[in-house]
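Thanks for coming. I will go through one structure, and please have the sequence to hand while I talk.

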Amino acid sequence: MNISSNPWVWIAALGSIAIFSSMFKDNPFYRAAEHIFVGSGAGYALTQAYRNITIQGWRPMSDDGRFILIIPLILGVLLYTRFFRKIEWMSRWSMSFLIGVGTGIAIYGVYNSQLVAQLRATMVPLFVAGNAAATRDNIILVFGVIAVLLYFLFTVQVKGPVKHATSVGRVLMMITFGVSFGNVVMGRISLLLGVLETVYGKWLGLF
Amino acid sequence: MRREIPIAITLIVGLTMLLSNFVDVPLGSEYSLKSLASELGGWVIIISAFAVGLASVNLVRIHSNHIRRRSSNWIYSVLLLVFLVGWTVMGILEFHNPESEALRTFSQNMFNSILSSLGAAMFALVALYLASAANRAFRVRNLDAAILLGATLIMMLGRAPVGALIWDKFPVMADWMLSVPNNVGQRAIMIGAAIGAFATSLRILLGIERGHLGSE
Amino acid sequence: MTFIVGTRFLLVFSLITGAIIFWRMQAVRTGKHTPQIRHINGLDAIEEAIGRATEMGRPVLFSPGIAGVTDQSAPQTMAAMEILGYTTELIAKYSTELVVSIRTPDLFPIAQEVTRQRFLASGKPEMFKETTVQFFSSDQFAYAAACMGFMKREQVAANIMMGAFWAESLLMAEAGAQAGAIQVAGTANLHQIPFFVAACDYTLIGEELFAGGAYLSQDKVKIGSIAGQDWIKVICLAMLLIGSLTATFNSDFWQHLLTK
Amino acid sequence: MSFLQNMDRRIIYIFMLLLVSIPLIKPLGIPIEINYMTQEVYDMMDSLQPGDRVLFSINYDPTSAPDIHPQAVIVLRHLMQKGVKVAMVTFSASGPNIVEQLILPYEQEGKVYGEDFVNLGFIAGGETAIRNFGRDIIGTAKADYRGANLNSIPMLQDIVDARDFELVYVFHGYNPGVQEWVRQVQGALNINLVAGVVMVSVPEVMPFFTSGQIAGMLQGLRGAAEYELLLGQPGSAVAKMDAQSLGHLVIIFFVIVGNIAFFLEKKNAKK
């Protein structure tokens, strides 16, 4: 055994152990780690924010004369009108700007990558000559997607065969969830092993 | 007016961002629709940065109140504030003294051994929580649960090397389940969610959904 | 004006589907059509959860996910805000304590606005406090750690998680289960749904999250929008069938159309 | 029985921690089957000639590293042993440090920075950055991580775009990663793209592999373990596979225990 003499390794190892201790019981050690973590996260975010305002907003405006950047700077400052009852409504301008950008980006993004791309990928031939397995898989794919989509109909009363289709859709969703769950286990255990490696290897020097 | 201006801002900004994906229109000598959209995207970084300050004021106020009232566990609030202020000061010093090697090494070490390793430890906890969640949830109460359990077990045995020792078909089954039935559910849920996201965005853009804009 | 190649189908599709939603909203608003939304378990459970929190005298934690309002996940966050509005009304009705935990700073003023307005509308403006909406941390796992610590220490009776979640989903859901909270979750982030299904009492899957606002408010216009969404799904089904059939006969006309 | 039914979660955690720790310190040697995808990637790397140039795109950070970093380590070792030159770029802010860590042992061993490998540093801007970098490598990166002008780096002579590398290997921990490389660079320039992917992202990346846009794919820590075996140099990834197997068995065991308890309870209730 060859315990590390690097104080940073000690901090990392003790911090990890503190986080792990939470699964047994809430304890002072974990609370300290949690609060240090939250404080550090917020401090780091503030630093990044300061950096962003300076590099993206202030300097291009004052050094390069890009005066249009006064608009986002003002919108940013307006957020702080929330502290003053009389003018707090002005902070909604900044909020509605952010929401406008978000919805504009999202409409294109989700339609493009989630709807059209997925529809296209699912338009597969229902019969592949000389390949029974591919034919089977393609049929499962196309009719499976249809069944699950039928499950998501909200305002239509489903009856008869469509009702059966939605049950099949539900079963297929459960399989999907099971597959995702089972598939994730390995990746997450890898991360656990990574932390154990830091504790046993780098800190305690067991290997 | 207090209500109309925000709705108008959302609509105009939203449409600019949206349409810039489809068409490009020259706007005056300096901008086109596309370059305007990317300009607006850049502004978001600046406005969001101001929001960090706003949110941090909330954090600081809540924890200073804990300390002032000496409520239980106030000592942890002290710890939180010390680290918050410490990081901020360190970060700003580093930003204005880019040539300082010592400062950079120190802040990198702080980042690696506090933010990174605490994050990694939290992330690693997921592995343990998977075990307890599986123990509690995967009980064969009904058909749904049975299917969920079956799929999970096959997948796990197909992934871990030990699975192939038990039955050499597990890896093959796992690969098939990943590429066929898994794809079915993934795609259909994604398509449905895309439609839902589209409708929600549309309602916001048109000012039909405006709970976030507060009262008159 | 130049059209950008490769997005023309998407433009037409957006216009048509937008028009469909608008058309259905009008039909429901004017009373021409009165659709019934099917039962969504998870949403009914919110009231049950808040009722229980009231009986036990413990707080309700609402987490609107870790995404903001300026990226592709914005609609999920905004759908969460709709559900938050409804939750706040119930909180006001039962006079229970609500804490909304925030990760993305952008969302902080918005969540404040939503809760304050609903408390006001419910006639209990005094219930909105500085602690109602709390910024926990902008670091993903620091946020999760803070939520977990909060749930354990305050012994929350109800944990409502709506919006876009990533790897922290299971951490938060397990911590909630350990604290004995009733848990209702909803997300459109596919990879996280299995963990919510396993660890929570009720889970809204994908589009159900977006239908939540309409379902809960019973607002006519919003219900019209849900009816419009059903129409779009039927159109997608038809496109899928036609596309697969034409692909079976060696024509990739449809796949190509989608990339025009 | 109610003990089993409401099994204290802490027992599960202790079991899990103990059982994954044991093989870490003393491996058991459970055989590992080689997936055909790993074999393909290995063959592809093995067919490279001394002097060929490969680009690594490091798209992960310390948090996701345990599942993907071992891949970078072993593939780099293979390439270094073959005398292939490797340029590394990253689109994750903490990536440059990871690159320095990767090249450190070879620098100590006497390989030459700038000739055998180079650290192109972090390029901000996500998807757009990947697009620009793929099309104009020197113009986008400008200088390397250690501050040198890229035109002065011997191994980058006559490199213009991503096509000038024999292949591009993307190590994907999260986005931006493989999807962005496929969308922005592979599609346009038709480069030879290999992906190393964290296990969790395998389902998302799989479609690109089946469609042939990605020439090869290595899956998480397990892919690294298989690669170590193919290279005949079993290392940390192989050692961790035993821990993986036990970890999976612990979860399965407790699922079974939960179900036994559940059924016994139901039987008792009926009586």
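What covers the buried residues of α6(D)? Before the answer, the ground rules. This is a predicted model, in which local features need pLDDT of at least 70 and side-chain atom pairs count only at pLDDT 80 or more, while totals for chains, interfaces and linings use all residues. Residues are numbered from 1 along each chain as its sequence is written, chains are lettered from A and ligands numbered from 1 in the order in which they are written, and side-chain values use heavy atoms, with hydrogens and water left out.

Now the answer. The cover includes β1 (53–59), β2 (85–90), β3 (117–122), α7 (137–141) and α8 (178–189) of chain D. Helices (H or I, at least four residues) and strands (E, at least two) are DSSP runs, numbered from the N terminus. Helix α6 of chain D runs over residues 126–135, and A129(D), I130(D), F133(D) and G134(D) are buried in it. Buried means under 20% relative accessible area, exposed over 50%, and partly exposed in between (1.4 Å probe, protein chains only). These residues lie on the same side of α6(D), because they cover an arc of only 125 degrees around the axis; that arc is taken from the directions from the helix axis to the C-beta atoms.

Next, chain C. Chain C has 10 helices and seven strands, and of its 260 residues 68% are buried. Its C-alpha trace spans about 65 × 40 × 40 Å along the principal axes.

Last, chains A and B. Between them they bury about 9,900 Å², with 80% of it on carbon and sulfur atoms. Buried area here is the accessible area (1.4 Å probe) that two parts lose on being put together, summed over both. W8(A), F97(A) and I107(A) supply 7% of the area chain A buries against chain B, more than any other three residues. In contact, meaning heavy atoms within 4.5 Å, are 105 residues from chain A and 107 residues from chain B.

How many salt bridges are there between chain A and chain B? The count is two, where a salt bridge is a side-chain nitrogen of Lys or Arg within 4 Å of a carboxyl oxygen of Asp or Glu. D144(B) forms a salt bridge with R170(A), and the closest N and O atoms are 2.7 Å apart. On the side of chain A that touches chain B, α2(A) gives the most, with 27 residues.
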